[in-house]
Amino acid sequence: MEAYKTWVRRNKDYVHSLESLANGLTWLLPERFSTSEIGPEAGFVLAKCSAPTPSPLLKSPVTAILGIVTAINEHIIDTTPSERHPGSADPSSFPYGLCISALKDLETLVEVVAEQYYGDKKWNFIAVTEAIKVIVRLALFRNSGYKMLLHGGETPNVEKSSDGTGSQHRIGGFPRPGGHHHGAGLLQNNHGSNPWTIEGRALSALSRFGESARMVSDPVWFQRIQQQHAIMAPPTSVIKRPTLSMILSEKGVNGALFVLGEILFITRPLIYVLFIRRYGIRSWIPWFLSLGVDFIGFGFLSHVTKSRMVEREQWLHLSASEKDEVKRRKLLWALYLMREPFFSKYTRQKLESTERLLEPVPLIGTLTSKLVELIIGAQTRYTYMSGS
């Protein structure tokens with residue numbers, strides 16, 4: 001596995017090209033696959049443009065497997081240790097983002113295969129995969145210190161620090177000889193010179209030369225200097241991960257509402273599937289319940305981020321990436337127009353009336369017809385309209 005990781009990291013451009021080529025080759029699969037319930041899908045592409053009936057937009061086992069392989073390769077590339085911080089990638093940490101991406105691709109495959117062999121009982125299998133995703137996301141939510149999940153947990157919510165100090169004066173885990181914080185810095189401080197003046201730079205150069213010469217001639221002295229560096233080095237700052245009790249004590253009600261809102265967002269797809277399984281896809285109960293959970297969760301989030309009626313210490317400030325995530329969640333509400341039974345009763349009628357209206361128009365009518373065909377095909381799949 002390590003050999004494969006090394007190969008992917010060294011040939012990431014080549015890997016990306018192979019992935020694009022593999023996805024493109026799914027277009028060239030035999031035409032019989034496009035009418036099958038387990039047919040190929042490559043993005044938003046019509047499976048059969050000449051078909052007289054709508055062709056469902058499906059993800060085949062081939063495409064699902066390609067998606068999983070792509071997610072694994074992206075995880076390997078993203079966890080490449082940097083040259084300046086060779087230990088920055090934590091191999092012991094659980095790859096939550098990779099796991100969630102793989103589960104989403106696997107869920108699509110499960111839905112298609114389960115519908116092919118079990119019909120309406122596919123919701124049992126979808127409920128199981130949704131439950132697994134909920135468990136993984138809740139674990140990620142807890143282990144991240146109760147930070148907002150970005151893209152459902154596929155993107156890590158990590159604040160990038162602009163402080164590049166701490167490694168620029170180290171080589172192979174030991175302080176760099178001549179580093180201005182230790183060793184040579186002692187000589188500079190004793191002389192009381194400014195390292196940015198000509199005299200300071202000259203003293204620094206002489207100090208580094210003398211230190212290097214003595215390291216070669218006196219290994220025992222070098223070991224003693226290393227021990228002094230280890231003693232004088234400032235302790236590594238360990239960022240304590242916030243716990244639920246810390247958030248509740250520091251943020252009060254606002255902290256509790258934020259955590260509850262995130263839990264509602266995480267569990268909403270599972271609640272939706274369970275009620276579809278109970279009442280059927282044509283019932284309004286799952287649709288309204290899912291919409292209500294979304295509105296309540298987003299209401300909690302809006303309250304804790306915009307409220308000015310509490311102490312300043314209890315405000316919850318969102319980062320730029322978290323603000324983008326809030327916007328993304330708002331856009332996901334549009335999927336309710338595509339979910340049953342709203343789609344059959346309202347959206348589809350509007351689409352078909354628009355198609356009939358534009359049908360006489362050359363080119364535009366043809367493109368509109370194919371677009372409507374594509375939307376209707378995508379709508380038949382829970383995994384495309386779940387927003388999870």
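Helices here are DSSP runs of H or I with at least four residues, and strands are runs of E with at least two. With that in hand, take residues 287–304: the span is 100% helix and 0% strand, and its end C-alpha atoms lie 26 Å apart. Keep in mind that you're looking at a predicted model. Its protein chain comes to 15 helices and two strands.

**The chain as a whole**

- Of the 388 residues in the protein chain, 36% are buried.
- Take the contacts between residues at least 6 apart in sequence: 67% of them join residues at least 24 apart.

**The annotated spans**

- The unreviewed UniProt entry carries the annotation "transmembrane region" for residues 255–275 and 287–304.
- Residues 255–275 come out as 100% helix and 0% strand, with 29 Å between the end C-alpha atoms.

- To describe a pair of aromatic rings, you give the distance of the centres and the angle of the planes.
- The model has 13 aromatic pairs, counting rings whose centres lie within 6.5 Å.
- One of them joins Trp284 and Phe288, with 5.5 Å centre to centre and 35° between the planes, so the pair is tilted.
- Trp284 and Phe288 are four residues apart in helix 11 (residues 284–306), which means about one helical turn separates them.
- Trp284 has 25% relative accessibility, so this residue counts as partly exposed.
- Another pair, Trp287 and Tyr336, is edge-to-face: the centres are 5.7 Å apart and the planes are at 85°.
- Trp287 lies in helix 11, while Tyr336 is in the loop between helix 12 (320–332) and helix 13 (342–358), so this pair ties together parts that are 49 residues apart in sequence.
- Both Trp287 and Tyr336 are buried.

**Charges over rings**

- Tyr336 turns up again here: Arg339 lies over the face of its ring, 4.3 Å from the ring centre.
- Arg278 does something along these lines with Tyr279, its charged end sitting over the ring at 5.0 Å from the centre.

**Helix 4 and helix 5**

- How do helix 4 (residues 96–118) and helix 5 (residues 122–143) cross? Their axes come within 8 Å and cross at roughly 170°.
- Angles over 145 degrees count as roughly antiparallel, and helix 4 and helix 5 are therefore roughly antiparallel to each other.
- On the helix 4 side, the residues that meet helix 5 include Tyr96, Cys99, Ile100, Leu103 and Tyr118.
- On the helix 5 side, the residues that meet helix 4 include Lys122, Phe125, Ile126, Val136 and Asn143.

- Ile72 has its place in helix 3 (residues 61–78).
- Is Ile72 buried or partly exposed? With 30% relative accessibility, Ile72 counts as partly exposed.
- Ile72 and Cys99 are 27 residues apart along the chain, and their C-alpha atoms are separated by 8.9 Å.
- Thr155 has its place in the loop between helix 5 and strand 1 (170–171).
- Thr155 has a relative accessible area of 35%, so this residue is partly exposed.
- Thr155 and Ile100 are 55 residues apart along the chain, with 9.9 Å between their C-alpha atoms.

Technical notes. Residues numbered from 1 in each chain as written. Predicted model: local features only at pLDDT ≥ 70, side-chain atom pairs only at ≥ 80, totals over all residues. Heavy atoms only, no water. Phe/Tyr/Trp six-rings, centres within 6.5 Å; stacked < 30°, edge-to-face > 60°. Buried < 20%, exposed > 50% of the residue type's maximum accessible area, 1.4 Å probe, protein only. Lys NZ or Arg CZ within 6 Å of the ring centre and 35° of its normal. UniProt positions renumbered as here; feature names shortened; annotations may be inferred. Axes fitted to C-alpha atoms, helices over the stretch in contact; angles between N-to-C directions. Parallel < 35°, antiparallel > 145°, perpendicular 65-115°, else oblique. Contact = heavy atoms within 4.5 Å.
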